[in-house]
Amino acid sequence: MRVLLRTLAPLLGLALAAVGVILVIEVVAAWVRPAGRGLVVPWPAWQAALSGLPWSARPVIVVSICVAVVGLLLLLIALLARRHDVALTAPTPEMTVATSPRVLARLVGRTVRESDDVAAATVSASARKIVVRAEGWPDAGGGFAGLTDTVRGRVSTLLDELPLARRPRVAVSTRGRKEPR
Amino acid sequence: MSTPTEVPAGSDPGTETAAPPRRVLRGSRKAVARSANLDRVWLALLGFVLLAAGTLAALLGFGVFGTGRAARPLLDPLIVDALRAQQQLWRWVAIAAGVVLMVLGLWWAVRSLRPERRPDLLLEEDPDTQLLVTAGALAEAVADRAAALPGVGKARARMVGSSGTPALRLTVWVTDEADVAEVCRRLENEVVAEARRSLGLAHLPVAVRLELDSVTHAPRVA
């Protein structure tokens, strides 16, 4: 999302500047030559078209909805393009230590998969929450309490070792494997 | 170029116990990554304006504000007459709006495209000579020292911030067996403290970004 923001920002800046330049050129041109047809954009033709088009016309409504959707997308990009870093405690106040949620997810995934009880696992992580979906084999009673405890215990041990500024919540879901162990 | 805060003679910046100034603490947080706050604010503002304008126009078209208003043309004769009545004034308003849009747009574009600053450190300056440590040289030295620490696969450093408040951004790829807390402690005590000491800086804010070193698998066939 930040890449999109970095790409859009200069393009929109240039677009705004272009609109400003065209506005100045056309106003000055119309001032100097009132009977002119527009230097860059054919605004007299646009003026005539807009004078005959009511707000309830289908093209107007369609364009309005498109403009609103584009605005909503830009707003969403702006809101979602914040950094999602995971803060770690630094040894001194002059130092800030951070890592990405991807790194935290990789660390958790690697730790969980090292267990013999886990056949496969997928992990998603943020600074607030870690979600582990583990696949394994059921207990003798048919449940997955043992697998859940194993995964939760391993993640907890890892989180104890990492100097995280804020300990994330851990959610574990398990799924059985049909193949024999 | 930076004119760093000099360490008083005889004191050791590595063992400094006084709390760092607030600008130093802010500097380390700001150095984590290049800020995109301005881009986000402008994009949000533009998005909000487009969303509001589009929604209002669509509601107007659907007759929410009255069927009479929905039937009126986009370029309302009432508005056109009002503009023509004060033609001189509105021309100047339009020119001013165009200039403002042009300046704001160009400023936004240039600011977004401008590369991040890498301030050099100016250690000494007199009329004849000046002692300058370039940002690249300092970053390379720090990165080399950081990469040599146990548990660190590779490291990359760069100077960021302004010439008045330089900061160091350090990206460190830790290995599988690394003790992250120990790596951070050694980075501060051995790498950054040494950089401060050798440059005679009282404070140098540091932002460390930890990444996982890519795993190298052993070949399946010998």
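Quick definition before anything else: two strands pair if DSSP finds at least two bridges between them. Strands here are DSSP runs of E, at least two residues, and helices are runs of H or I, at least four, both numbered from the N terminus.

Okay, the ground rules. This is a predicted model, where local features need pLDDT of at least 70, side-chain atom pairs count only at pLDDT 80 or more, and totals for chains, interfaces and linings use all residues. Residues are numbered from 1 along each chain as its sequence is written, with chains lettered from A and ligands numbered from 1 in the order in which they are written.

So, the pairing: strand 2 of chain A and strand 5 of chain B, residues 206–212, run parallel and are joined by 5 bridges. In that strand of chain B, L210(B) sits opposite T99(A).

Now the whole interface. Taking contact as C-beta atoms, placed from the backbone, within 7 Å, 59 residues of chain A touch 63 of chain B. Which element gives the largest share of chain A's side? That's helix 1 of chain A, with 20 residues. By class, chain A's side has 42 nonpolar, 11 polar and 6 charged residues; nonpolar is Ala, Val, Leu, Ile, Met, Phe, Trp, Tyr, Cys and Pro, charged is Asp, Glu, Lys and Arg, and the others, Gly among them, are polar.

Chain A also has a UniProt record, an unreviewed entry, listing residues 12–32 and 60–81 as "transmembrane region"; such annotations may be inferred rather than shown by experiment. In our model, 12–32 of chain A is 100% helix, its end C-alpha atoms 30 Å apart. For 60–81 of chain A, you get 95% helix and 31 Å.

Definitions and conventions
Contact = placed C-beta atoms within 7 Å.
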